Amino acid sequence: MTRKAKRVSYLVRSGAFFALIGLFFGLLFVPEQAEPCAAEVANPAKSQTIKWVDFNVPSAVLMQALSYDIESFGSERHVGMVDLLALTAAKTGAKWGKGESKELKAFYERITDGETVETLAADCPYFSYYREAYDAVLGGFVGEYAIEEPDGADGTKTVNRYGLKVFSPIAKGYGFGHYDDFGSPRSYGFSRPHLGNDLMGAVGTPLVAVEDGVVEALGWNQYGGWRIGIRSHDRRRYYYYAHLRKDHPYVEGLQEGDTVRAGDVIGYLGMTGYSTEENVNNIDVPHLHFGMQLIFDESQKDGANEIWIDVFQIVELLQQNRSAVKKNTDTEEYERVYRLIGDPVTPH
């Protein structure tokens, strides 16, 4: 056998030959998203329902985009948070650094200087995909709203605002700790990844609705213990609160089908779950399991097609807006201090 033939034989036997072939075709067909925006290529959002979303936008970038949205509101060059994030993700392939994004800032400056989102998006690969995906995550987060605020020693006044109109799931004044544990292994019942973010806190900590929505699930689940599921009014987000308090998990009277407002107290942090028997504390550390499911098609609500995203960075963003609560001495329940004014805005 010649030296060349011996080398080819070694590559085939060692697997290196097939690795080289795979690398060649991988490089041939991977879109060059990191390059400046070029002509749009095959876009999954145009031809089919989105099947998965890897939401990895850092909280620093979320707050940067939010600040630009608020800063430009009311001007002729208003640019929304979701548009800025989608443009930047389309240009960078959703590769974010640790701090604020230079690319996002550049897009904002170009728009405020006279260019349009439509013009910039026309040249960006995958813009429509990221626009649809990020709007499903953040679409109800920013807008105009009216809320009560303190006015003097005891009174309140109604204030019209524009900005973040969703709330942290943990009430104002209550501490909690968390880290990015999305995807970490869980073994109770069967081996599976963790599809949420655990917020460690004290038993009895009041929990609040992140946004306006409808209670779709209430009761016992052996994995989540006492839990609540709330669907946003646009039906694209499903919020999951699990491991609520033993004996008294929910505010009195809460039922499936109820409408809740952003910032309403809905229940209390606990450590229930991991038991087929109801009302059992089998969780070692008191915490709220908080999750967000995205639903682009109703077939994705339950089963193998569910889309759960990493909400760690979203929880960090939501700490900018926490609902103040107080204890009602007559009912012994906690309730919000300052009300949202007006009916919730629901899509047609």
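1. In this note a residue is called buried when its relative accessible area is under 20%, exposed when over 50%, and partly exposed in between, with a 1.4 Å probe and protein chains only. The model is a predicted one, in which local features need pLDDT of at least 70, side-chain atom pairs count only at pLDDT 80 or more, and totals for chains, interfaces and linings use all residues. Residues are numbered from 1 along each chain as its sequence is written, and side-chain values use heavy atoms, with hydrogens and water left out.

2. Lysine 301 is buried, at a relative accessible area of 11%, and belongs to the loop between β12 (287-294) and β13 (307-309). Helices (H or I, at least four residues) and strands (E, at least two) are DSSP runs, numbered from the N terminus. Apart from neighbours within four places in sequence, lysine 301 has contacts (heavy atoms within 4.5 Å) with Glu216, Arg231, Tyr238, Gln293, Ile295 and Glu306.

3. Three strands form an open sheet in the order β2-β1-β16, with antiparallel pairing, where pairing requires that DSSP finds at least two bridges between two strands. Because β2 (155-164) and β16 (340-341) stand at the edges with a single partner strand each, one side of each is left without a neighbour in the sheet. Strand β1 (residues 142-151) pairs with β2 over ten bridges, and valine 142 stands opposite leucine 164 in β2.

4. The buried residues of helix α4 (residues 59-72), among them Val61, Leu62, Leu66 and Tyr68, pack against α5 (81-92), α6 (102-112), α8 (127-138), β1, β2 and α9 (312-318). After α4 comes glycine 74, whose phi is positive, near 90°.

Methods: Expected span 1.5 Å × (residues − 1).
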